[in-house]
Amino acid sequence: MILSNIGFLSLLFGLISSFIVFLCTVLNIKKNSLNLEKKIYKFLTLQFFFVIIGFFILLYSFLISDFSNETVYNNSHSTKPVFYKVTGLWGNHEGSLLLWLLVLTSFMLFFFLSSKNEPKNFRLYTVIFHQIIVIGFFIFVLKTSNPFDILFPIPSEGLGLNPILQDPALAIHPPILYVGYVGTSIIFASALAAMVTGYVNNIWAKNLKKWVLISWTFLTGGILLGSIWAYYELGWGGFWFWDPVENISLMPWLSLTALLHCISTLEKRDLLKNWSIILSIVTFMLSVTGTFLVRSGILNSVHTFANDPSRGIYILIFLFVIIFVSFIIFLIFESKNLENKKEIFFLSKETSVLINNWFMIYFLSVVLIGTVYPIFLDVITSEKISVGPPFYHKLLIPFLVPFFLFMSVGPSMSWIKTNLKFKISYVYYFLFTLILTIITIYFLSQKDILIKILIFSLVFLTIKTIVNFLKKNTNHAQNLSHLGFAMLMLSILFNAVTSTETIKNIKVGESFISKNDKITFEEIKTNEKKNYSSIIGTFEIKNVNDKIIKLYPEIRIYNQPVIATSEAAIKTTLFKDRFITINLIKDEQLFNVRYQNKPFMIWIWISTLIIIFGGAFAIFNKKKNYS
Amino acid sequence: MVKKRILVFLFLFINFIGNCYSETEPYSKLENNIAKNLRCLICQGQSIYDSNSEFALSMRVYIKDQINSGYSESQIYNMLVKKYGQWIVYDPGYSKKTFLLWFIPILFFLLGGAIIYLRIYKSKKYE
């Protein structure tokens with residue numbers, strides 16, 4: 001109980017430090033003293049220190065199962081494995097906001113230390129704008145989501161963590177995703193500061209790119225972990241459902257990707273100033289909107305675990321304040337950063353970047369409208385509609401074809417102007433692509449014309465990207481990420497068109513055939529663990545070559561809270577995943593067995609990892625002067 | 001002893017999530033496709049296909065019955081929309097209500113293209 005009080009006080013002191021930092025910075029802009037800068041540094045460190053104390057106190061309360069703390073009581077249980085006691089900290093609203101605050105304050109400190117070579121006023125304004133966000137979040141945590149609320153009398157046992165969150169991939173998913181989200185706050189503050197101080201130029205772009213890359217890489221990683229989790233934990237073999245919460249993580253990703261391309265143009269050519277600023281602001285808005293939509297409980301999502309409408313309203317107000325402030329700043333200081341009126345040639349990297357941004361914004365608008373339209377329609381006409389996969393597929397897939405084609409040629413363009421001469425190699429590329437496409441289509445036995453065209457454009461993209469690796473003076477980080485993206489799209493496409501599935505209700509001892517595999521239900525066992533009991537089925541899968549694989553899908557019944565989950569058994573090979581789940585049927589000895597054959601599944605993860613490697617490579621690569 | 005406890009647990013759960021539907025070959029391809037396009041109304045963001053709830057399973061029985069009585073896929077959707085509202089189908093369809101839903105993104109695309117074209121075309125005059 002004393003611990004929780006210390007934790008709360010520590011957060012309160014953190015908030016006070018934020019106010020002091022804010023005041024110091026405002027004063028420092030007017031004066032010219034080095035002394036004050038030291039003070040800012042001291043208080044930023046102090047602020048970070050207080051949040052760390054709060055964080056570790058909550059962590060400790062989770063570890064010793066201190067149920068006098070309401071957050072621990074609501075989300076933990078003494079029988080939970082230690083690993084999930086730790087991750088239970090951010091598996092709930094209060095704790096996850098504390099984590100958010102921790103990343104937020106540590107990033108500010110990191111920014112302040114790493115930006116010593118940049119103009120003083122730019123740094124100070126960045127601190128000011130960032131402190132507005134930090135203060136907003138501090139007040140949000142202390143007022144509506146205090147992780148240190150005390151319970152009395154002290155309960156003897158906690159309520160436990162939602163079992164589908166008790167999973168290694170999901171345990172590390174929030175921290176990774178938050179680094180991505182919170183990184184956008186630095187981008188946002190830095191963009192506003194650059195506006196105010198008239199610093200929107202190529203040097204600013206060069207420094208900001210590092211932050212864009214960090215956010216982008218971590219956000220990609222966070223989305224990957226979430227998808228992997230959905231794949232094997234939600235238990236029906238999909239990895240992306242166009243679920244609102246998934247869309248919300250995809251939206252900042254799309255605008256970050258656009259910003260990443262746009263900022264290179266600003267860096268190299270001093271062009272697209274306003275557009276870079278707008279994208280920086282929009283990206284952060286989308287991150288905050290995401291938090292608002294997830295936390296408010298407005299969305300009907302498979303990922304909704306904890307929500308409270310009053311919190312939603314607070315974030316909504318916060319969001320409006322931020323939008324208002326950035327809008328005003330944009331209007332006032334736009335004239336300070338006049339756009340360069342250089343000519344943009346049609347065949348140039350500048351045009352390629354513009355086209356990339358064009359498609360990114362289109363994809364973003366599809367996802368955004370698809371996610372929020374039903375909410376607005378419900379509010380205005382009180383009619384409920386669902387916007388699901390058919391909507392996204394219809395609006396996205398046809399546009400992917402030109403997108404892939406532009407993406408194939410874009411990186412080969414030079415800055416300013418490309419002198420296009422006809423080369424015989426173009427004919428070879430085309431023929432090679434055509435042959436590979438025909439072979440692929442033959443093996444997939446595809447009739448759908450759209451899929452044929454998609455395969456053609458993707459094969460072309462892959463070939464062109466691979467060729468880029470061999471060129472002199474090439475950007476390997478970009479090549480890696482582009483290759484990863486091409487492979488990702490190919491894997492998703494192949495996976496979608498070749499997956500097969502058989503659902504049967506069978507008894508123990510019976511067997512059935514699915515395509516080329518014979519599946520036999522051999523036996524059923526029961527098992528008891530510390531935090532759940534389970535029924536484990538043993539299945540034998542025999543393929544055409546008489547190779548035998550054993551799979552053990554489970555039905556788990558967790559004790560705290562009492563929830564049944566179906567654990568898929570997956571056999572992963574380089575070429576395909578075999579995926580089996582079992583479910584119970586009432587009053588019978590039958591089990592509902594769902595067997596899926598999912599080719600190229602692992603390549604979806606591998607190619608996303610390649611995308612991430614590309615990002616990481618760009619962060620750590622010192623040599624940055626590509627043609 | 002341990003086994004008994006598990007059996008009690010099991011029994012509770014079978015009654016809770018199980019369903020009386022139990023043929024050996026439960027669903028045809030068409031039925032699965034329809035189930036994928038329908039929302040499980042009592043779940044959080046799951047389709048009928050993905051859910052094992054009571055509601056989902058009874059919906060599956062309903063779909064099977066309707067197909068057996070000769071109704072087409074779109075007729076089944078229409079019947080369900082009449083009964084439960086547009087909320088149940090994942091495809092928002094084209095109607096007055098959803099006009100903006102389809103139109104706004106397309107507008108973004110057209111506007112974006114126009115802006116880029118103008119920027120490149122206009123910039124020729126600067127030199």
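Two residues are in contact if their C-beta atoms, placed from the backbone, lie within 7 Å. In chain A, this criterion pairs A:Tyr429, A:Phe432, A:Thr433, A:Leu436, A:Thr437, A:Thr440 and A:Ile441 of H14(A) with A:Lys452, A:Ile455, A:Phe456, A:Val459, A:Phe460, A:Ile463 and A:Lys464 of H15(A).

The model is predicted: local features need pLDDT of at least 70 and side-chain atom pairs count only at pLDDT 80 or more, while totals for chains, interfaces and linings use all residues. Residues are numbered from 1 along each chain as its sequence is written, and chains are lettered from A and ligands numbered from 1 in the order in which they are written.

**Overall layout**

Chain A has 17 helices and 10 strands; these are DSSP runs numbered from the N terminus, with helices being H or I of at least four residues and strands being E of at least two. The C-alpha trace spans about 85 × 80 × 50 Å along its principal axes. A compact globule of 627 residues would have a radius of gyration near 25 Å, and the 27 Å of chain A agrees with that. The radius of gyration is taken over C-alpha atoms, and the globule rule is 2.2 Å times the number of residues to the power 0.38.

Chain A is divided into domain 1 (1–162), domain 2 (167–420) and domain 3 (500–602), with bounds that come from an automatic or database domain assignment. The C-alpha centres of domain 1 and domain 3 of chain A lie 44 Å apart. Five residues of domain 1 are in contact with four residues of domain 3. On the domain 1 side, the touching residues are one nonpolar, three polar and one charged. In this classification Ala, Val, Leu, Ile, Met, Phe, Trp, Tyr, Cys and Pro count as nonpolar, Asp, Glu, Lys and Arg as charged, and the others, Gly among them, as polar.

**Helix packing**

Axes are lines fitted to C-alpha atoms, for helices over the stretch in contact, and angles run from 0 to 180 degrees between N-to-C directions.

| Helix pair | Angle | Axis separation |
|---|---|---|
| H9(A) (244–269) and H12(A) (349–381) | about 160° | 9 Å |
| H14(A) (424–444) and H15(A) (449–470) | about 130° | 9 Å |
| H13(A) and H15(A) | about 20° | 9 Å |

Angles under 35 degrees count as roughly parallel, over 145 as roughly antiparallel, 65 to 115 as roughly perpendicular and the rest as oblique. A crossing is left-handed if the near helix is turned anticlockwise from the far one by less than a right angle, and right-handed if clockwise.

H9(A) is roughly antiparallel to H12(A) and passes H12(A) in a left-handed crossing. The residues of their contact divide into 14 nonpolar, nine polar and two charged.

H14(A) is oblique to H15(A), and the crossing of these two helices is right-handed. Their contact residues comprise nine nonpolar, three polar and two charged.

H13(A) and H15(A) are roughly parallel to each other, and H13(A) passes H15(A) in a left-handed crossing. The H13(A) side of the contact includes A:Ile397, A:Pro398, A:Phe404 and A:Met407, and the H15(A) side includes A:Leu450, A:Phe460 and A:Lys464. By class, this contact has 14 nonpolar, two polar and one charged residues.

**Backbone in two loops**

Most residues other than glycine have a negative phi, and most peptide bonds are trans. The peptide bond from A:Phe152 to A:Pro153 is cis, with omega near 0°. A:Pro153 is found in the loop between H6 (120–144) and H7 (168–196) of chain A. A:Ser382, a residue other than glycine, has a positive phi near 50°. The loop that holds A:Ser382 runs between H12 and H13 (389–409) of chain A.
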